[in-house]
Amino acid sequence: MMTDSLPPLRDVIREYDLRAKKSFGQNFLLDLNLTRKIARVPGDISDSVVYEVGPGPGGLTRGLLAEGAKRVVAVEMDPRCLDALADISAAYDGRLTVHQGDALKMDEQELLAAKEGEKMRIASNLPYNVGTMLLIKWLTLDDWKPWFASLTLMFQREVADRIVAQPRTKAYGRLSVLAQWRGKVRIALNVPAAAFTPPPKVASAVIHFEPTEPIDSEVKLKDLELVVEKAFGQRRKMLRASLKALPVDPQKLLAMAEIEETKRAEDVPVADFVRLAKCYGVMKADARP
C-alpha cells in the first residue's frame with residue numbers, strides 16, 4: 001500500500017506547534033515505517049473499526065489507515081492536535097473520526113458504532129499517565145468475551161514486562177494474573193526510547209492481547225481481584241500470612257485450593273490463583289448467615 005501524501009510528522013508538529021506535553025503523558029512516534037509495523041501486529045484490519053487513544057499528531061493513526069483499517073475512531077485529550085488529525089481524516093476520505101475528551105470516561109462501543117461484520121479492535125501508543133488504568137478498564141469488563149477482538153498497546157517496557165510475566169519472576173504480579181486469566185498476551189515489538197519525540201527515559205514495548213475464554217468462567221472477577229491484591233500486597237510473605245487480610249481462614253482456604261501455605265504470591269501460577277479465588281467465593285458464600 002502506498003505511503004500517504006501528507007507531510008512528514010516533524011513538519012506537522014512544527015506547523016501546529018505540537019510540542020509534547022508531560023501533563024498529557026505525550027511521547028510522539030514520528031517514524032511512519034515503525035507505526036505501520038505496529039499497525040500490522042493485529043493482522044488483517046480491513047474489516048475492523050480501530051479505537052485509538054491519544055493519537056497526538058497522528059503517527060500511529062496514519063499507520064493504521066495506510067495498513068487498511070476500515071475506520072479509525074480516536075479520542076484525544078489535547079485540543080492542539082485536532083487540526084492535524086482533521087488533515088488526516090481529509091486525506092483518508094473521512095475514515096478517521098476524532099473525539100476530544102478523556103478516554104477513561106468514554107463508552108467505546110457507543111463511539112465506534114460498529115456495523116454487522118465489522119470487528120472492533122484497540123490499537124494505541126497509550127499516554128504513559130493513563131496506560132495501565134485503561135488496560136485494567138478493558139480487562140475488567142463484566143461481560144467476557146469482550147466487545148474487542150484484540151488489544152495492540154504501547155507501554156513502558158517495565159509495564160509490558162509485568163503484563164506478560166511468568167511466575168517466579170520479579171515482574172509477575174496482579175497485572176500478569178489479570179491479563180493471562182482472560183486471554184493470550186505477548187510482547188510483539190520492542191521500541192527504543194530514541195524512536196520517540198521527546199525520547200522518554202526508558203524503552204517501550206508493544207503488547208498484543210487476544211481475549212479467550214477465561215481459565216474458569218465461574219470465577220467472579222471481584223473475588224480474583226481481591227485474592228490477588230492481598231497476595232501480592234505483601235509478596236515476600238508466605239500466603240498463609242498475606243491472605244490473613246481476607247475475611248476467611250487463610251489456611252482453610254489454601255487447603256481447599258490445594259496450594260501450599262508456605263508459598264509466596266510470585267510462586268503461584270495463574271491457574272492456581274483462579275482456583276484460589278473460586279474457593280474463596282465458596283467459603284465466603286458458606287460463611288453468610
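Visitor: Which residue in strand 3 does glutamate 52 stand opposite?

Guide: This is a predicted model, in which local features need pLDDT of at least 70, side-chain atom pairs count only at pLDDT 80 or more, and totals for chains, interfaces and linings use all residues. Residues are numbered from 1 along each chain as its sequence is written, and side-chain values use heavy atoms, leaving out hydrogens and water. Strands (E, at least two residues) and helices (H or I, at least four) are DSSP runs numbered from the N terminus. In strand 3, the residue opposite glutamate 52 is alanine 74.

Visitor: In which sense do strand 2 and strand 3 pair?

Guide: Two strands pair if DSSP finds at least two bridges between them. Strand 2 and strand 3 (residues 71-76) have 5 bridges, and the sense of their pairing is parallel.

Visitor: In what order do the 7 strands of the open sheet stand?

Guide: The pairing in the sheet is mixed. Strands 2 and 3 are parallel, whereas strand 6 (residues 150-156) and strand 9 are antiparallel over 6 bridges. The order of the 7 strands is 4-3-2-5-6-9-7.

Visitor: Is strand 9 largely enclosed or open, and how many of its residues are buried?

Guide: Buried means under 20% relative accessible area, exposed over 50%, and partly exposed in between, with a 1.4 Å probe and protein chains only. Strand 9 (residues 204-211) is largely enclosed by the rest of the structure, because the buried residues number 7 of the 8.

Visitor: How many bridges join strand 7 to strand 9?

Guide: Strand 7 (residues 183-191) and strand 9 run antiparallel. Valine 191 stands opposite serine 204 in strand 9. The number of bridges joining strand 7 to strand 9 is 8.

Visitor: What kind of aromatic pair do tyrosine 51 and tryptophan 138 form?

Guide: Rings of Phe, Tyr and Trp (its six-membered ring) pair if their centres lie within 6.5 Å; planes under 30 degrees apart count as stacked, over 60 as edge-to-face and the rest as tilted. The structure holds 6 aromatic pairs. With centres 6.4 Å apart and planes at 80 degrees, the pair of tyrosine 51 and tryptophan 138 is therefore edge-to-face.

Visitor: Which residue forms an aromatic pair with tryptophan 144?

Guide: The pair is edge-to-face, at 6.4 Å centre to centre and 65 degrees between the planes. Tryptophan 144 lies in the loop between helix 6 and strand 6, and its partner lies in strand 9, 65 residues apart. That partner is phenylalanine 209.

Visitor: Which backbone nitrogen does the side chain of glutamate 118 reach?

Guide: Glutamate 118 is in the loop between helix 5 (108-112) and strand 5, and is buried at a relative accessible area of 12%. The distance is 2.7 Å, and the nitrogen belongs to lysine 115.

Notes
Polar contact = N/O pair within 3.5 Å; in protein donor to acceptor, adjacent residues only side chain to side chain.
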